[in-house]
Amino acid sequence: MLIVDNGNSIKYKSPFAGNVLKPLSTAGVWAFFIGGAMETYQCIVCQKELLLTEFYKEKSKKGHTHKCRSCLYEYNKIWRKENPGLFRAQREKYRKRHRENERERRELNRDIYRERSRRSYQENKQEMLKYYREYRITNKYRERARGIIKNRLKSGKIIKSNYCSVCNKSENIQAHHDDYSKPLEVIWLCASCHGLLHKGVA
Ligand SMILES: [Zn+2]
Ligand SMILES: [Zn+2]
Ligand SMILES: [Zn+2]
């Protein structure tokens, strides 16, 4: 059964009752045979009963145009030819709107980009300041701890070990602090073990 919408009333027609309808598109033909029933509409220009797939969708009461696709195409072509001024104005209007949208989009993107880079700069700055602050503190504590060891060694209050506590070598023994805030807690290491330790730590 075929549902035919003739504006006001919906009639039911058998597609095999002589008056076989000829939808234009292949998709329409297939939909017709597979589905068995498809809604159609009569084009106000060519008067053909066509499947709804032959009409453009439109936000109106019907939900589609009153002219079929090919009629609308011809109609627009003629309209453009007959109203060149209006067509140009319409095209200009469309282009202007498009350009404005485009500009707005770009400006929005630029603002987003700026905000992002500003934020990352701020974060980076905070990070750097934190690093330098910590670096200065560490440096200060290190110098202080080294000074204390140097003075105590000089005054003989502490005695340097003769051996590296890792490799047992006896050359270039240095004091290593695990924690610069505890200046008297040292480990005695040879220069190469000391270097390796700091490399591993860093
Ligand atoms: Zn038509
Ligand atoms: Zn060593
Ligand atoms: Zn050290």
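This is a chat about the predicted model shown above.

Reader: Hi! What does the secondary structure of the protein chain come to?
Author: Hello! In this predicted model, the protein chain has four helices and eight strands. Going along the sequence, their pattern is β-β-α-β-β-β-β-α-α-β-β-α.

Reader: What about the protein chain overall, how much of it is buried?
Author: Buried residues make up 10% of the 202 residues in the protein chain.

Reader: Okay, back to the helix. What comes just after α3?
Author: G156 does, and it takes a positive phi of about 80 degrees.

Reader: Which residues have a positive phi although they are not glycines?
Author: N168 is one of them, at about 70 degrees, and N172 is another, at about 50 degrees. N168 sits in the loop between α3 and β7 (173–177), and N172 is found in that loop too.

Reader: Is N172 buried or exposed, and why?
Author: N172 counts as exposed because it has 12 C-beta neighbours inside 10 Å, and the cut-off for exposed is 12 or fewer.

Reader: And N168, buried or exposed?
Author: N168 is exposed, with 10 other C-beta atoms within 10 Å.

Reader: New topic: what share of contacts comes from residues 24 or more positions apart?
Author: Among contacts in the protein chain with a separation of 6 or more, such residues account for 35%.

Notes
Residues numbered from 1 in each chain as written. Chains lettered and ligands numbered in written order. Predicted model: local features only at pLDDT ≥ 70, side-chain atom pairs only at ≥ 80, totals over all residues. Helix = DSSP H or I, 4+ residues; strand = E, 2+ residues; numbered from the N terminus. Buried ≥ 20, exposed ≤ 12 C-beta atoms within 10 Å, placed from the backbone. Contact = placed C-beta atoms within 7 Å.
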